[in-house]
Amino acid sequence: MAGLLALRGLSRNCGVASRFGALRLNGLYRVTSRPLLPATCTQALPPSQQLLATSLVRSTAPEIEQAGHDHVLHWTAERILTLVLMGVIPAAFVWPTPSLEYFMALSLTLHSHWGVEAIVVDYIRPSVFGKIIPKLAVGAVYALSIATLGGLCYFIYTDVGIVNAVKLLWKL
């Protein structure tokens, strides 16, 4: 907090706001041990604020960069799937055909898989649990998703289907 107040004070008093704007990335500042005394500033800083400096912050963690994943494409696919679900679910209730139900089962399973996988990756980190437990947890998410899709497809094929089962539950 004191660092941000110092940055605000420097940008107001010394006219270096554009210098900080060039060093800012995604709204983050990194505190380093380099002293920051801009040439345009004639006002002396207190000793507690002289060690505040800004430097570029990496946009992603090294582990993510090394993995080679395209997170923007994944985020876009999640949003497209959400929009598809907004059309598929009502369509499956209006025209309850097996093909729409299979597509709905696949879409719902993929949507829930991405959500649970994000939770597992975020909270079961290798830095906390080691290298083996996070891999086992992600493997369990894949096994759960495969079992879910298999169970839904089996239910659609051998029983009344997802939509008709929900309609029967609503009649209770």
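This is a predicted model: local features need pLDDT of at least 70, side-chain atom pairs count only at pLDDT 80 or more; totals for chains, interfaces and linings use all residues.
View 1. Count them up and you get 8 helices and 0 strands. Reading from the N terminus, the order of elements is simply α-α-α-α-α-α-α-α. The chain has an accessible surface of about 12200 Å², and carbon and sulfur atoms account for 68% of that. Now think about contacts between residues at least 6 apart in sequence: 54% of these join residues at least 24 apart.

**View 2. Helix α5 has a buried set of residues.** This helix covers residues 98-123. Its 26 residues reach 37 Å from the first C-alpha to the last, close to the 38 Å expected at 1.5 Å a residue. Which residues of α5 are buried? They are Glu101, Met104, Ala105, Ser107, Thr109, His113, Trp114, Glu117 and Val120.

View 3. Phenylalanine 103 counts as partly exposed because its relative accessibility is 40%, which falls between the 20% and 50% cut-offs. Skip its neighbours within four places in sequence, and its contacts are Val84 and Val88. Take valine 88: it is 15 residues from phenylalanine 103 in sequence, and the two C-alpha atoms are 7.9 Å apart in space.

**View 4. The largest nonpolar core has 7 residues.** Its members are Val88, Ala92, Met104, Ala105, Ile156, Ile162 and Val163. Helices α4 (71-94), α5 and α8 (162-171) each give two or more residues to this core. Zoom in on one member, isoleucine 156: leaving out neighbours within four places in sequence, its contacts are Glu101, Tyr102, Ala105, Gly161 and Ile162. Two of those contacts, Ala105 and Ile162, are core members too.

View 5. The structure holds 1 aromatic pair. Phenylalanine 93 and tryptophan 170 form it, and the pair is stacked, with 5.6 Å from centre to centre and 20° between the planes. Phenylalanine 93 belongs to helix α4 and tryptophan 170 to helix α8, so the partners are 77 residues apart.

View 6. An unreviewed UniProt entry lists residues 136-157 as "transmembrane region". In the model, that span is 100% helix and 0% strand, and its end C-alpha atoms lie 31 Å apart. The unreviewed entry also has the annotation "binding site", which covers Tyr123. Where does tyrosine 123 sit? It is in helix α5, and it counts as exposed because its relative accessible area is 59%, over the 50% cut-off.

Terms used. Residues are numbered from 1 along each chain as its sequence is written. Side-chain values use heavy atoms; hydrogens and water are left out. Helices (H or I, at least four residues) and strands (E, at least two) are DSSP runs, numbered from the N terminus. Buried means under 20% relative accessible area, exposed over 50%, partly exposed in between (1.4 Å probe, protein chains only). Contact means heavy atoms within 4.5 Å. UniProt positions are given in the numbering used here, feature names are shortened, and annotations may be inferred rather than shown by experiment. A nonpolar core is a set of buried Ala, Val, Leu, Ile, Met, Phe, Trp, Tyr and Cys residues joined through side-chain atoms within 4.5 Å. The expected span of a helix is 1.5 Å times one less than its number of residues. Rings of Phe, Tyr and Trp (its six-membered ring) pair if their centres lie within 6.5 Å; planes under 30 degrees apart count as stacked, over 60 as edge-to-face and the rest as tilted. Accessible areas come from the Shrake-Rupley method with a 1.4 Å probe; for residues, only the protein chains shown count as cover.
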